[in-house]
Amino acid sequence: MSAVLRQIGREKLLLAGLLLLGCLALVGLLGPLVTDTSLAEIGTTRARLPPDAAHLLGTDTQGRDVLAALVAALPQTLKIGLLAGLLGLGVGGLLGLLAGYLRGLSDVVIRTTADVVMTIPAIAVLVLVATNVRTMTVGLMAVIVAGLAWMYPTRAIRAQTLSLRELTYIDMARLNGIGGLRLVMTELLPNLAPYFAASFVTAVSTAMLATVGLEALGLGPQNQLTLGMMLYWAQYYGAVLRGMWWWWLPPVAAIALIFIGLLAVSAGMDRLLNARTRQDG
Amino acid sequence: MAGYILRRFALMLLVVFLAITINFLLPRAMPGDPVELQLEQLSAGGGQTGDIQATAAAMRTRMGLDQPLWRQYLIYLGHVARLDLGVSVAHYPERVADEIRAGLPWTIGLLGLATLISFGLGTLLGGLLAWPGSGRLTRMIGVPVIMLSAVPYFILGIVLLAVFGIAWPIFPVAGAYPFSYFPQADWRTVELIAWHGMLPALSIVLASLGTWAIAMRGMVVGVLGEDYITLARAKGLGPRRVFFAYGLRNALLPQVTQLALTLSHVVSGAILVEVIFAYPGIGYRLYQAIQAKDVFVIQGIVLLLSVSIALATFLLDLVYPLIDPRIRIAQE
């Protein structure tokens, strides 16, 4: 265990990414304790004020305090990403495990489905689903984007399961009379754990990208605040064209930081996994 | 080879069929009367003008709601086959197909040019990043470019718009040409269009450059470890020659494979860039249709996106074996 931790400690990119995401999560968790998030409601402040001592990030056209809105939106966006990532990983991981372990027809069906869904542009399907939903909520949003975040985990876990099941220790376990579910749980899953972790990061990134895109198109939760909805309203009321930088810059910066953090974590994890395979081989 | 083409073709047909079926089923699978639901949303959005009962009746006949489901499906397939995608509810009686036809050239132009530029530049940058002989400057460019590739295209678009459109107004902030200008077939028009397309194209190029660079870097690192590179070095060829003629060239072909894999990602990203710059392509029209709850336009554009990406992927699949014999052999 400590060897694994030491390995993680050496991967600076991974650490930097985790640190960045951790800080953002902390702001999302602790922010509401130090800022008055009731100011994030429409019409609670005077509209269109540039930043000053009372409103550190100014106010928007609808009379929200931008800092309060940011603090209220951040945890919601992280929630969508985490929820959708977990759902995508759960479904995708299970399918990948099934395809890789059972092989044969189930493998062909699962692989083809994943390939086909990958070819259909995510945004197209999401737009269709989202336009047909009556009221969008943060939870529903997570479920919808998860519907397109399972393919990468499926492919990654399938490939790893396929190569793992050829290894001698699996044969040993099988010869010892361990079979079926028990073999998967005790021998396969623990060795797949790092790939599950890597797939989780990919699933969260995919889901986040889809979420922010849908929200920017105006298909997000209209009555709840997320980073994407903040951007949507900023775009809707022409914040950029009016030069109200304090309105659009905070959500833009927050979204950019989230994605840069996710990229760093996933790149760091790739390097870690490659280092492991190099050592094993 | 024939088997390969056939398999790819079948996959494309499957995707197209699925896209059409999803388009057909989704509005009908939602609880409640689809026409009532759509009209409700339409009037809530303020998009409804004219006789609402006539609209409802027209929509009902069009969707064939009094018929059994399989009959409705056949009717729908017939419409799609004749490229009859219905009429815009918000801009009645404009036809959806015409709306799409008006937007398509803008999207193809913007997306095509931006993708070509970023593919070229990104591939070169990726190659240089992998080459041990490239200087410090290249490596310094690499980091921010790769960081930018993590950020959604339109986020970058907003920043570029604010910096080069508002704070430092060099480029126009909206449209594909001045709104009061009537485009003609002359140089002035070309200049205006190029000038207006600069910021949207730049957003796409900057945001996707890193994706190509990362992929190419990995490819070149792999190629540089091959025996033929060692042989080329042993023959006494200069490092530059080895890199360009042996390293880059062999890594370039698999890089083209990346194009197909990222195509749907690029299109999804470009849609939102159009929204930010009010660029009159498919993406901006989709945004406007969503604002106006204009169902048939939304469905038409979504269908077009899915089908055209399936087609493009199929065409790229056909091209690889021609340019890269390794794929041809692997298939056999």
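Predicted model: local features only at pLDDT ≥ 70, side-chain atom pairs only at ≥ 80, totals over all residues.
Me: What box do the C-alpha atoms of chain B fill, and what share of the contacts with a separation of 6 or more comes from residues 24 or more positions apart?
Reply: Taken along the principal axes, the box filled by the C-alpha atoms of chain B is roughly 80 × 55 × 40 Å. For the contacts in chain B with a separation of 6 or more, the share from residues 24 or more positions apart is 71%.

Me: How does the reach of H1(B) relate to the span expected at 1.5 Å a residue?
Reply: Helix H1 of chain B covers residues 2-29, which is 28 residues.

Me: Which residues in H1(B) are buried?
Reply: The cut-off to keep in mind is a relative accessible area under 20%. In H1(B), the residues that count as buried are B:Tyr4, B:Met12, B:Val15, B:Val16, B:Ala19, B:Ile20, B:Thr21, B:Asn23, B:Phe24, B:Leu26, B:Pro27 and B:Arg28.

Me: Why is H7(B) called oblique to H8(B), and what is the handedness of the crossing?
Reply: Helix H7 (residues 153-167) and helix H8 (residues 187-224) of chain B pack with their axes 9 Å apart, at an angle of about 130°. That angle makes H7(B) oblique to H8(B). The handedness of the crossing of H7(B) and H8(B) is right-handed.

Me: How do the residues of the contact of H7(B) with H8(B) divide into nonpolar, polar and charged?
Reply: From H7(B) come B:Tyr153, B:Leu156, B:Gly157, B:Leu160, B:Leu161, B:Phe164 and B:Gly165, while H8(B) supplies B:Leu199, B:Leu202, B:Ser203, B:Ile204, B:Leu206, B:Ala207 and B:Ser208. The tally for H7(B) with H8(B) is ten nonpolar, four polar and no charged.

Me: Over in chain A, how are H3(A) and H10(A) oriented to each other?
Reply: Helix H3 of chain A spans residues 66-102 and helix H10 of chain A spans residues 227-236; their axes are 7 Å apart, at an angle of about 135°. An angle has to be over 145 degrees to count as roughly antiparallel. H3(A) and H10(A) are therefore oblique.

Me: How do the residues of the contact of H3(A) with H10(A) divide?
Reply: On the H3(A) side are A:Val66, A:Ala69, A:Leu70, A:Ala73, A:Leu74 and A:Thr77, and these meet A:Leu227, A:Gly228 and A:Met230 in H10(A). The division for H3(A) with H10(A) is seven nonpolar, two polar and no charged.

Me: Is A:Asp107 buried or exposed, and which residues is A:Asp107 in contact with?
Reply: A:Asp107 sits in helix H4 (residues 104-119) of chain A. Its relative accessible area is 8%, so A:Asp107 is buried. Leaving aside neighbours within four places in sequence, A:Asp107 is in contact with A:Ala99 and A:Arg158.

Me: What is the phi of A:Arg103, and where is A:Arg103 placed?
Reply: A:Arg103 is not a glycine, yet has a positive phi of about 55°. With a relative accessible area of 35%, A:Arg103 is partly exposed. Its place in chain A is the loop between H3 and H4.

Me: Is B:Leu83 buried or exposed?
Reply: B:Leu83 lies in the loop between helix H4 (69-81) and helix H5 (96-130) of chain B. Phi of B:Leu83 is positive, near 60°, in a residue other than glycine. Because its relative accessibility is 57%, B:Leu83 counts as exposed.

Me: Which residues does B:Leu237 touch, not counting residues up to four places away in sequence?
Reply: B:Leu237 is in the loop between helix H9 (227-234) and helix H10 (239-276) of chain B. At 22% relative accessibility, B:Leu237 counts as partly exposed. With that sequence limit, B:Leu237 touches B:Ala232, B:Val242 and B:Tyr246.

Note on methods: Residues numbered from 1 in each chain as written. Chains lettered and ligands numbered in written order. Heavy atoms only, no water. Helix = DSSP H or I, 4+ residues; strand = E, 2+ residues; numbered from the N terminus. Buried < 20%, exposed > 50% of the residue type's maximum accessible area, 1.4 Å probe, protein only. Contact = heavy atoms within 4.5 Å. Axes fitted to C-alpha atoms, helices over the stretch in contact; angles between N-to-C directions. Parallel < 35°, antiparallel > 145°, perpendicular 65-115°, else oblique. Left-handed = near helix turned anticlockwise from the far one by under 90°. Nonpolar A, V, L, I, M, F, W, Y, C, P; charged D, E, K, R; others polar. Expected span 1.5 Å × (residues − 1).
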